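Subject: A structure for you to explore

Hello! I am passing a structure on to you, and my notes on it follow below. Please open it in your viewer and keep it beside you while you read.

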Amino acid sequence: MASNLTKFIHSLDPRTLPRVLQIQSGIYFQGSVYEMFGNECCLPTGELIKVTGFKINKIIASICESNEDSQCSARIELPLNFPGLCKIVADKTPYLSIEEITRKVSIGPTRLGHPCFYCNEDIKLANFTIKQGEQIMFNSMEEVNGTLTVNCGVVRDNQSHSFTLPLSQEGEFYECEDDHIYTLKEIVEWKIPKSRNRIVKFTNMLHTWDSSNPLPENFDGCLILAPIYEVQGVMKFRRDIVHILSDLDIEVIDVTDSYDISCFLHPLSMEDVFERTSKEFPMVAEVIEGPTGRQQPYNLLCPGKEIVIHKKYQAKRILASEIRSDSHKRHFLIPASYKGKFKRRPREFLTAYDLEIARSDKEQLHVVATKAFDSPHAELFSVSVGDQFLVQQRQTGEVIYQGRKKVIDVLACEQILSEAYKEVLLPMYMEGGFVEVIHDKRQYQLSELCKEFRLPFNVKVSVRDLSIEEDVLAAMPGLQLEEEITDSYLLISSAGDPADSWEIPVYRLNMSVQLLSKSVDETVSSPTRTIVEEISEEQYYMVRRFENQVLLPPPRPPKKPTTLESKPLLTLPERSVSDAPHAVKNLYVDTTKKVCSDQATAVSELQVSCQNDLVHWENEDYVTGTATLLDTSVIKGPRNNMLLEENHSYEYADENVIENIRKKFQESTVHNKMYPLKKKREETSKME
């Protein structure tokens with residue numbers, strides 16, 4: 001039975017792909033030509049298209065001024081990256097079986113893929129009964145003895161109970177209310193059921209309203225979202241991939257069961273190739289759809305090019321980000337074979353706890369205070385701007401608190417005085433500001449940095465990699481080497497020169513190939529050629545999320561007692577800044593970021609706000625002429641040489657700027673309830 005393309009794609013289960021469609025009728029008559037995504041395509045009546053995939057291209061939103069039951073007044077088009085956070089309005093139409101839920105609702109391994117439903121009647125299982133109205137979370141699907149089942153869970157009396165439901169289970173299942181907040185992109189990818197629309201209500205517009213915003217000013221109503229899909233497919237007599245939108249006014253019929261699908265082109269993505277067994281490599285393939293970019297080898301992978309895919313494997317990369325003051329950071333994956341050399345750059349530390357994390361047994365950490373701290377206890381040290389410290393170790397110390405002795409965590413340091421060193425203790429909860437003083441002028445290879453220092457680490461390219469035509473890292477004012485990751489790669493070469501091999505990423509390369517039935521001899525290739533890969537902001541967070549999904553985040557630093565009255569801070573007079581390289585937000589906050597949550601968006605906004613105020617500079621005249629921190633002699637032991645070398649150029653950050661950052665961080669912390677004041681009061685009450 002024929003149906004329009006929109007209805008067919010909305011009801012299509014991705015697990016049943018590929019499907020062969022035959023054009024029945026529509027506005028495109030025999031011999032008609034249209035252009036889509038820069039490609040001309042003819043859709044005559046009777047033409048066959050093999051649909052290989054589809055994805056949401058844009059959203060058509062119907063505006064409801066008051067609530068979801070009110071009449072919709074207008075339809076607008078929203079891009080997938082439309083800024084703002086929204087909540088889902090639960091669908092009031094029931095699902096009549098578990099099979100219908102799995103067919104229409106996205107179920108996956110992350111929080112976004114765990115939908116919740118309730119049934120209007122009890123469900124009796126072999127050893128468990130699900131009560132009427134009880135919230136059921138759908139976690140994953142698996143096959144048990146040839147039967148597909150859904151792994152589910154319920155929570156009773158703060159205890160989780162797991163069980164499975166067969167797809168044949170019937171009943172009226174209603175979507176539960178969802179209190180989570182999502183971006184529009186997350187809703188599009190996970191929360192729009194097949195053959196249904198999705199009603200959402202915006203709770204926070206991340207950007208101020210302007211005339212380019214398609215929504216009315218101060219909009220407080222609901223939106224009914226209807227997705228428009230981009231359908232990817234191949235046609236019988238074409239050797240390329242065509243892309244059409246699902247709202248094209250044509251009628252189609254599914255003829256998969258009555259047509260030989262093998263006569264069509266069979267394009268494979270890089271993920272499809274990687275899923276092949278190792279015994280199938282090497283293989284010869286023709287590029288059907290090539291990647292964009294002028295960088296080798298991407299500029300060689302043009303459509304029609306024959307390549308040899310030698311093998312698949314995992315390779316290590318160093319994830320690095322550009323150090324700059326605004327939000328438009330560039331991100332890179334650096335291979336271990338990178339031949340450039342690096343010099344160290346100072347790090348910024350916002351708390352004493354960060355100093356403890358960053359200290360190393362191989363090298364003593366030397367820092368300069370950029371923010372004052374007035375200690376509430378006589379046993380602990382009060383810090384002034386410009387004080388220099390050598391960080392020792394974490395330990396415990398006794399303080400007098402309301403007339404009684406209390407044991408707290410402290411950081412032991414040595415304060416550098418003009419003629420001696422003074423042992424001091426800093427509280428671990430201290431919120432200060434410190435800049436590292438670098439005495440090491442050595443140039444390091446990438447492998448040496450990863451071996452000798454703990455990441456994250458700040459560097460700058462001092463000698464570019466001469467083996468590549470354009471070294472993008474050499475142009476960066478500074479880089480933060482964040483962590484080592486492991487990723488999937490394919491080793492490829494031109495069919496005409498199998499010895500000249502390149503590594504290409506599997507999950508970040510938009511490329512399709514057609515396997516050819518040609519034999520290829522094993523060749524002993526020259527050293528594999530790699531590239532420094534620049535990745536987008538979205539790819540950056542995806543890489544970090546997948547790399548850290550099994551790691552626990554670092555513990556929060558100890559909290560400052562809330563009953564202690566804050567005292568005025570010491571400040572330096574304002575100075576002009578002539579040069580502004582950039583400083584780095586501490587990564588131990590960044591590692592807890594989650595892309596797929598509203599917290600991630602709030603943290604990202606905070607990071608942008610903080611970094612816009614953060615500057616520091618390298619100016620030797622300023623250090624020697626104004627700060628006068630290092631022009632005195634120190635007479636204790638062999639450390640004199642370390643502090644009195646005249647050729648060192650030390651780096652500082654302006655205290656007033658750091659102060660602004662701390663204020664913004666504290667304000668945002670209160671706003672986002674990241675460190676609830678209630679907990680602090682409870683801790684103080686326990687101490688009393």
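**Aromatic rings**

Ring pairs join Tyr95, Phe117 and Phe138 into a cluster. Rings of Phe, Tyr and Trp (its six-membered ring) count as a pair if their centres lie within 6.5 Å; planes under 30 degrees apart are called stacked, over 60 edge-to-face, and the rest tilted. Before you go further, please note that this is a predicted model: local features need pLDDT of at least 70, side-chain atom pairs count only at pLDDT 80 or more, and totals for chains, interfaces and linings use all residues. Residues are numbered from 1 along each chain as its sequence is written, and side-chain values use heavy atoms, with hydrogens and water left out.

How many aromatic pairs does a search of the whole structure find? There are 14. One of them is edge-to-face and is formed by Phe389 and Phe434, 6.4 Å centre to centre with 75 degrees between the planes. Phe389 lies in strand β28 (residues 388–401) and Phe434 in strand β31 (residues 431–436), so this pair ties together parts that are 45 residues apart in sequence. Strands here are DSSP runs of E with at least two residues, numbered from the N terminus.

Buried means under 20% relative accessible area, exposed over 50%, and partly exposed in between (1.4 Å probe, protein chains only).

**Charges over rings**

Now look at Lys312, which lies over the face of Phe274, 5.1 Å from the ring centre. The charged end of Arg317 sits over the ring of Tyr489, 4.2 Å from its centre. The rule is that NZ of Lys or CZ of Arg must be within 6 Å of the ring centre and within 35 degrees of the ring normal.

**Glutamate 134**

Finally, find Glu134 in the loop between β11 (129–130) and β12 (136–144). Glu134 is buried, at 11% relative accessible area. Its side chain reaches the backbone nitrogen of Lys131 at 3.0 Å, and a polar contact of 2.5 Å joins the side chains of Glu134 and Arg156. A polar contact is a pair of N or O atoms within 3.5 Å; within protein, one must be able to donate a hydrogen and the other to accept it, and residues adjacent in sequence count only if both atoms are side-chain atoms.

Happy exploring!

Notes:
Helices (H or I, at least four residues) and strands (E, at least two) are DSSP runs, numbered from the N terminus.
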